[in-house]
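I opened my notebook to get to know this structure, step by step. Come and look along with me.

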Amino acid sequence: EVQAAALTERGEDITPARDRGVLKIIKRPGSEDECPMIGDKVYVHYKGKLANGKKFDSSRDRNEPFIFSLGKGQVIKAWDIAVATMKKGEICYLLCKPEYAYGSAGSAPKIPSNATLFFEASNAGEDLFEDGGIIRRIKRKGEGYSNPNEGATVEIHLEGFCGGTRFDCKDVKFVVGEGEDHDIPIGIDKALEKMQRGEHCILYLSSRYGFGEAGKPKYGIQANAELVYEVTLKSFEKAKESWEMDTKEKLEQAAIVKEKGTMYFKEGKYLQAVIQYGKIVSWLEMEYGLSEKESKASDSFLLAAFLNLAMCYLKLREYAKAVECCDKALGLDQDNEKGLYRRGEARLLMNEFELAKCDFLKVLEVNPQNKAAKSQISLCQKKTKEHNERDRRIYANMFTKFAERDAK
Amino acid sequence: MAVDELQAIIQRCQILEEADFKGEDFNLFQVAGQKCLEDGYAAQLLEVIQNEKNKVIIKNMGWNLISPLVRCIFMYKQDDDRRELCLRILDQLAQLCNPKELFLGLLEQIEQTSGEQVCQTVMLLLQPLQTVLLKLQNKKAYSVGLSLAMIMNQLTPLPVPYTKQQIQEDKLGLCQCCNAVVDFAKPFVNEVVKNMEKSSEYNDMELKEELVKFCMKSLKYPLLTAQLEQLEGIEDHPFRQFATEIIDILWNIRELIPLVFLHPKAKSSDWEDQEFADIEQKNSAESLACLSYLMFVQHFGIECFPMVFSPSYLLQCNMSHVEVLLKRTEESMLSKGLDLFESCLLRMEDGSLLHQYLEFKDFVNVPQDLVKIMTLCPIEHVRKKSLNILQLFIDKFDTEGKYTLFRCLLKTSNHAGVEGYIIKNIKDQVHVSLTKEYDNIWFTGHHLISLLDLVLSLPEGAETDLLQNSDRIMASLNLLRYLVIKDCESDNQTGVWTTLAKIEQNFLKPLRVGLNMSRAHYEAEIKNKKENRKEAQSSNTVCSVTVGGEKLPAMTTGMQLQVLHSALFTFDLIESVLARVEELIEVK
């Protein structure tokens with residue numbers, strides 16, 4: 001809780017004019033020495049209250065940090081001053097006099113005239129994939145314009161921390177997407193694709209991008225742990241683009257990559273498996289001018305890739321993508337039992353019961369012995385009934401409402 | 001008998017396989033059903049429809065009954081039992097018929113109505129339409145979008161109730177209908193929200209996009225045209241309610257804040273044809289302007305808006321919206337534009353708007369639009385408000401900003417009254433400069449002199465029409481008089497004494513000459529008229545004036561003389577100030 005009294009008594013005056021217009025108390029210090037500079041894009045989470053304790057705004061209510069360019073007059077003066085003093089990761093309390101906020105005009109309707117504002121604010125850092133999974137804070141900018149792509153070979157220095165204790169420190173060279181082979185979590189692979197040569201940054205990984213539910217006993221990491229990594233991308237060599245390889249090479253690589261994908265899948269590393277199978281698709285899906293033999297091999301790889309991708313997406317709960325992959329698999333082999341079954345599963349989980357049922361029925365046409373399909377069909381029917389009941393209850397009798405309104 | 005015919009076709013179809021239904025069976029069913037309805041046998045028709053054995057028939061052929069059914073419903077009065085029966089038939093059809101075909105049938109029905117029937121028909125068919133849409137699996141999003149677009153299309157030609165009386169009367173049912181349509185859309189909104197919550201990856205983009213399109217359309221019609229202020233005596237203002245619901249939808253599907261920040265020019269267009277792209281941009285510009293109005297003036301949805309932006313930044317973001325609205329001529333849109341502009345300006349402290357903002361094109365265009373409104377708009381309260389807001393705008397700028405703005409408006413307004421107003425503002429600023437402690441370079445010294453060149457001049461020298469420009473000339477003379485009195489020659493803070501010779505040459509002398517000439521001219525005219533009075537009234541009028549279809553009577557000689565005398569009076573006024581100024585200059 002923000003103590004107005006504490007701020008007035010002990011708060012540090014951070015105004016250039018030293019007129020106590022903006023007072024600050026640090027709640028949690030940041031993790032580095034650098035403050036943001038003018039023009040930097042800053043990400044701030046905050047909660048704002050009036051002097052009477054009433055909350056007038058919170059970025060948490062919008063589920064996303066507030067983003068603005070520092071020092072450009074886009075925000076109230078107090079913020080341009082205060083955020084410039086906030087080290088990355090810092091959380092602080094602020095007291096802002098009206099002259100540095102909304103002055104005598106106030107800001108209708110929430111902020112009255114001559115209001116002193118109180119904030120709890122944190123300098124959040126860049127959310128790489130906009131899902132809170134990986135937050136990056138750049139300590140030193142890299143150079144150049146390119147980033148490592150999937151499959152690129154990177155040389156990095158890496159230090160891993162969990163709960164404040166360092167559990168890993170090494171210099172390592174590996175292929176992006178295969179960091180797992182070096183006990184490096186998938187979040188690092190993903191982040192590397194957004195880093196530049198020479199960049200030194202800190203990455204905050206949520207469990208999903210870390211070691212997940214399995215944890216990492218080797219390092220003493222528990223399940224569902226959040227991790228912090230300090231990474232320097234020393235150098236990298238991009239992987240060959242699809243157009244740089246000829247068909248023969250692609251088919252050779254496809255075999256290797258398929259095995260790798262299966263290995264990851266068996267270990268439950270679905271994100272890494274997706275990357276591997278995905279390579280097959282990007283190499284072969286649009287490949288032309290194949291001989292008959294090559295065509296057969298290519299289709300076989302693609303079919304396996306699509307089917308396995310569907311499996312992975314089911315595990316990752318990305319059902320729409322699973323359906324897409326099944327569609328593609330069935331495009332190559334329309335009576336493929338696995339394809340139909342997996343698509344049925346995905347559709348069932350998306351509550352598209354009719355379509356799911358169709359798929360399972362087709363499975364039975366192809367293989368009447370498939371018991372799993374049978375039980376899925378009855379599950380579909382059960383769910384359809386439940387849903388219709390529920391809809392009927394919720395949207396019942398709009399008509400009566402209208403009739404009543406007409407009658408008035 | 002109609003019922004017998006119906007039974008006949010039913011019995012025939014009962015034994016057929018679904019695939020064997022022929023075109024003529026469909027026809028016979030429709031004709032028989034229609035006849036039943038028209039002859040008052042709705043009860044029997046309902047029985048047939050509810051009969052389990054006829055399920056397949058109804059599923060395939062039922063949708064053909066929509067048209068006659070709707071006709072009948074409107075034929076019967078509210079309390080009529082037969083109406084109730086028809087409504088139940090409609091409900092049954094919604095449950096039993098093939099969703100795809102029924103959907104088309106309903107949409108067709110909506111498309112065919114017009115004028116007074118539109119709202120009634122739409123409200124009647126919303127419930128079955130919703131039932132049917134919820135059943136569709138494939139292409140649901142597309143169908144929902146199509147329905148909403150079709151409904152809004154049908155509503156758009158209808159006039160929007162504006163006055164309190166019109167709203168209460170709601171003659172065509174538009175108010176009621178609009179709110180019914182948002183209710184209709186709710187389950188689809190809920191679906192999008194549910195899907196977004198389930199997985200951050202799964203984005204039913206299509207349905208969300210259709211809902212956004214619907215909201216954008218609603219912002220333009222009816223909201224942009226509607227009167228949205230609180231009205232005394234109306235508890236639930238239907239359009240305020242509608243606006244709240246639209247904003248709710250946008251907030252729930254997480255498009256509200258992104259849209260508020262979206263600059264129409266920044267939006268990338270999918271159209272290849274530039275003409276279409278321009279049309280789309282223009283349409284969305286007005287919707288976005290309306291959205292800003294709703295949020296910042298009526299405060300709908302403002303709880304969701306970040307409260308840390310600086311007021312100047314808010315103004316900057318809203319300027320393009322203000323410009324879009326001020327370019328229109330309809331009162332509903334003009335007043336919204338003015339209100340939005342005012343609301344942004346009132347959030348600022350005087351003198352806090354940096355002059356650099358005038359580098360933005362819209363910051364220069366908007367005041368010129370205000371000038372057009374205050375001089376050309378036929379509605380008096382809009383003109384007055386426009387003038388007030390211009391003053392407010394001037395007050396918010398820092399001194400250099402004011403200076404630049406004055407120069408701009410003097411050059412572009414082409415209206416003596418406006419120019420006079422600006423010149424008065426200049427005088428006020430000079431006054432502030434002379435009385436305050438700090439040294440203000442913009443309204444003293446060489447900057448002021450440069451401005452005085454613009455102000456203290458006659459556009460056409462001695463031949464300037466003094467009557468036309470009297471407002472401006474009086475203001476100029478008053479400014480000069482003030483400068484000469486307030487600023488001692490020894491101080492010469494303003495610099496007016498330095499440039500006096502030029503002022504005399506470019507302004508005072510030609511003014512003197514012009515006055516003499518004009519006065520002589522008008523006095524001659526008066527003399528002529530008085531002498532001609534004795535002769536018969538000549539009937540060759542040079543021109544006639546027609547107002548509102550009625551030709552104004554020609555001015556009598558008496559009236560004409562009055563006008564000429566008042567012109568002379570104006571010249572006297574000008575001359576008196578001119579004489580005073582010349583006197584003061586002589587003395588000093």
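I began with a definition: a salt bridge is a side-chain nitrogen of Lys or Arg within 4 Å of a carboxyl oxygen of Asp or Glu. With that rule I searched the interface of chain B and chain A and found zero salt bridges.

A note on what I am reading: this is a predicted model, where local features need pLDDT of at least 70, side-chain atom pairs count only at pLDDT 80 or more, and totals for chains, interfaces and linings use all residues. Residues are numbered from 1 along each chain as its sequence is written, chains are lettered from A and ligands numbered from 1 in the order in which they are written, and side-chain values use heavy atoms, with hydrogens and water left out.

**Entry: the interface**

I looked up polar contacts next (a pair of N or O atoms within 3.5 Å; within protein, one must be able to donate a hydrogen and the other to accept it, and residues adjacent in sequence count only if both atoms are side-chain atoms). Between chain B and chain A, 11 residue pairs are in polar contact, both at pLDDT 80 or more. Helix 11 of chain B gives the most to the side of chain B that touches chain A, with seven residues; helices here are DSSP runs (H or I, at least four residues), numbered from the N terminus.

For contact in general (heavy atoms within 4.5 Å), I noted 39 residues from chain B and 39 residues from chain A. The buried area, meaning the accessible area (1.4 Å probe) that two parts lose on being put together, summed over both, is about 3400 Å², and carbon and sulfur atoms give 56% of it. Gln127(B), Met307(B) and Val308(B) supply 21% of what chain B buries against chain A, more than any other three residues.

**Entry: the core**

I then turned to nonpolar cores: sets of buried Ala, Val, Leu, Ile, Met, Phe, Trp, Tyr and Cys residues joined through side-chain atoms within 4.5 Å. Buried means under 20% relative accessible area (1.4 Å probe, protein chains only). The largest core has 222 residues, and Trp79(A), Phe119(A) and Leu155(B) are among those with the most contacts inside it. Helix 11 of chain B gives the most to this core, with 13 residues.

**Entry: one residue in helix 11**

Is Asn179(B) buried or exposed? I found Asn179(B) in helix 11 (residues 174–198) of chain B, and Asn179(B) is buried because its relative accessible area is 9%. A polar atom of the Asn179(B) side chain lies 3.3 Å from the backbone oxygen of Cys175(B). Not counting residues up to four places away in sequence, Asn179(B) touches Pro238(B), Gln241(B) and Phe242(B).

Notes. Helices (H or I, at least four residues) and strands (E, at least two) are DSSP runs, numbered from the N terminus. Buried means under 20% relative accessible area, exposed over 50%, partly exposed in between (1.4 Å probe, protein chains only).
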